[in-house]
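Me: I have a model open and want to go through it piece by piece. Can you take some questions?

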Amino acid sequence: MKKLDILDLLKKGTVLGDGGYVFELERRGYVQAGPYTPEVALEHPEALEQLHVEFLRAGAEVLQALTFYASEDKLEISGRAHLIQDINRAAVRIAKKAAKDDALVAGVVTLTPSYEHGNVESLRKVRGLFDHQIALQKDEGVDFIIGETFINLEEALLALDAIKASGLPSMLTMNFTVDGSSDGFSVEDCARRLADRGADIIGMNCNYDPEVSLMIVERMRKAVNIHIACQPVAYSTPHGTGPFFDHYCFPLSLEQLQLSRFELASFARRARDIGVGYIGGCCGVLAYHVRAMAEALGRRPPASEKSPNLARHVIPEIRTRSDEEYWHAAAH
Ligand SMILES: [Zn+2]
């Protein structure tokens with residue numbers, strides 16, 4: 001049976017994405033904090049595949065190939081530019097191996113160190129970097145391409161043009177602040193320009209927790225009439241405290257801001273209710289969060305066979321916590 005493509009899936013209902021790869025693989029010892037480049041695809045493919053499998057079991061309908069920061073110029077920073085083909089190809093193959101026929105695989109491009117606002121030479125180079133990565137990912141058989149974490153609209157539009165030129169469906173998510181893009185466009189302006197340029201899905205990822213992210217994507221939702229995606233971080237960034245990288249514990253001690261499964265479940269329900277079609281996670285979102293989101297959307301993914309049953313706990317006091325109300329109260 002032919003798999004539905006991402007746009008067919010979105011027509012049918014809410015699509016559940018996966019979580020964050022880079023920070024988790026850093027915590028597990030396979031990615032280096034600092035460069036954060038994804039050579040894990042070549043050095044420890046089994047570690048990357050395992051994380052994909054965890055997200056799949058938790059209900060993800062899309063696995064994102066770990067080609068984030070795999071542009072030639074970014075790889076150059078960690079001395080691996082010569083591995084660009086191998087890394088992009090391996091990352092897609094690993095995601096496809098994990099997905100089998102149970103999930104779509106998205107290729108990924110993201111912001112590049114070569115980008116300089118308004119510099120024609122730089123824009124030409126960056127477009128070439130995107131074209132190269134996308135050609136490799138398409139050749140390995142990705143189902144669509146996500147351009148993500150862009151702080152400048154200008155660079156996001158370059159990525160969008162490159163994706164559209166490949167003929168694959170496009171999803172473009174900005175790494176906004178509440179004031180919009182770094183190159184001075186409001187949230188609404190970015191939404192309209194990306195939609196007018198032909199993006200299939202637009203939205204935001206990274207930077208903010210579900211609370212603030214939903215405030216922003218709701219504004220995008222009102223500005224345009226195309227599919228909206230939201231992939232927040234699972235770290236607390238109360239409104240007014242700035243994006244997560246502004247917090248003193250970024251990036252090596254983020255655990256103290258970690259959000260619970262209940263907060264991500266609540267996010268999934270609220271996102272669906274305001275019309276977000278593609279609901280997933282970015283940094284700090286792990287498989288147990290994705291399972292909680294899946295269950296909040298009324299699904300029962302394979303990992304639900306191990307969903308909590310505290311009524312069977314050996315300590316009587318803990319058994320009383322099997323009531324969901326207890327955890328709602330504890331989360332607030
Ligand atoms: Zn992120």
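Me: What covers the buried residues of α12?
Reply: The cover includes β1 (15-16), α4 (45-57), α11 and β8. Contact here means heavy atoms within 4.5 Å. Buried means under 20% relative accessible area, exposed over 50%, and partly exposed in between, with a 1.4 Å probe and protein chains only. Helices (H or I, at least four residues) and strands (E, at least two) are DSSP runs, numbered from the N terminus.

Me: Before I go on, what kind of model is this, and how are residues numbered?
Reply: It is a predicted model, in which local features need pLDDT of at least 70 and side-chain atom pairs count only at pLDDT 80 or more, while totals for chains, interfaces and linings use all residues. Residues are numbered from 1 along each chain as its sequence is written, and side-chain values use heavy atoms, with hydrogens and water left out.

Me: Back to α12. How many of its residues are buried?
Reply: Eight of the 10, so α12 is largely enclosed by the rest of the structure. Those buried include His-289, Arg-291 and Met-293.

Me: New topic, the metal. Which residues coordinate the zinc ion?
Reply: Cys-206, Cys-282 and Cys-283, each through SG, at 2.2 to 2.3 Å. Donors are N, O and S atoms within 2.8 Å of the metal (3.2 Å for Na, K and Ca); water is not among the atoms, so sites may look incomplete.

Me: What spacing do the donors follow along the chain?
Reply: The pattern is C-x75-C-C. Cys-206 sits in the loop between β6 (201-205) and α10 (210-223), and Cys-283 in the loop between β8 (278-279) and α12 (287-296), so this pair ties together parts that are 77 residues apart in sequence.

Me: Are those two cysteines buried or exposed?
Reply: Cys-206 is buried, with a relative accessible area of 8%. Cys-283 is buried as well, at 13%.

Me: How many cavities of 30 Å³ or more are there?
Reply: The count comes to one. The largest cavity holds about 50 Å³ of space. Its lining includes Cys-283, along with Phe-23, Arg-27 and Tyr-235. The search uses a 1 Å grid over the protein atoms alone: a cavity is a set of points where a 1.4 Å probe fits but cannot get out, and lining residues have an atom within 4 Å of a point. Grid points are joined across faces, edges and corners, and a volume is the space filled by probe spheres set on the points.

Me: Now the sheet. In what order do the strands come?
Reply: Eight strands form an open sheet, ordered β1-β8-β7-β6-β5-β4-β3-β2, with parallel pairing. The edge strands are β1 and β2, each pairing on one side only. Two strands pair if DSSP finds at least two bridges between them.

Me: How covered is β3?
Reply: Strand β3 (residues 104-110) is mostly covered, with seven of its seven residues buried. Leu-104, Ala-106, Val-108 and Thr-110 point one way, and Val-105, Gly-107 and Val-109 the other way.

Me: What does β3 pair with?
Reply: Strand β2 (residues 62-64) pairs with β3 in the parallel sense over three bridges, and Leu-63 stands opposite Val-105. Five bridges join β3 to β4 (residues 144-150), also parallel. Thr-110 has Glu-148 as its bridge partner in β4. From β3 the chain crosses through helix α7 (residues 120-139) to β4, in a right-handed β-α-β crossover. Right-handed means that, with the strands pointing away from the viewer, the path from the first strand over the helix to the second runs clockwise.

Me: What does Thr-149 touch?
Reply: Leaving aside neighbours within four places in sequence, Thr-149 is in contact with residues including Phe-68, Thr-110, Asn-205 and the zinc ligand Cys-206. Thr-149 is found in β4 and is buried, at 6% relative accessible area.

Me: And where is Glu-116?
Reply: Glu-116 is in the loop between β3 and α7, partly exposed at 46% relative accessibility. Leaving aside neighbours within four places in sequence, Glu-116 is in contact with Ser-122, Leu-123 and Glu-154. Its C-alpha is separated from that of His-289 by 36 Å.

Definitions and conventions. On a 1 Å grid over the protein atoms alone, a cavity is a set of points where a 1.4 Å probe fits but cannot get out, and a pocket is an open set with protein on both sides within 12 Å along at least five of seven lines; lining residues have an atom within 4 Å of a point.
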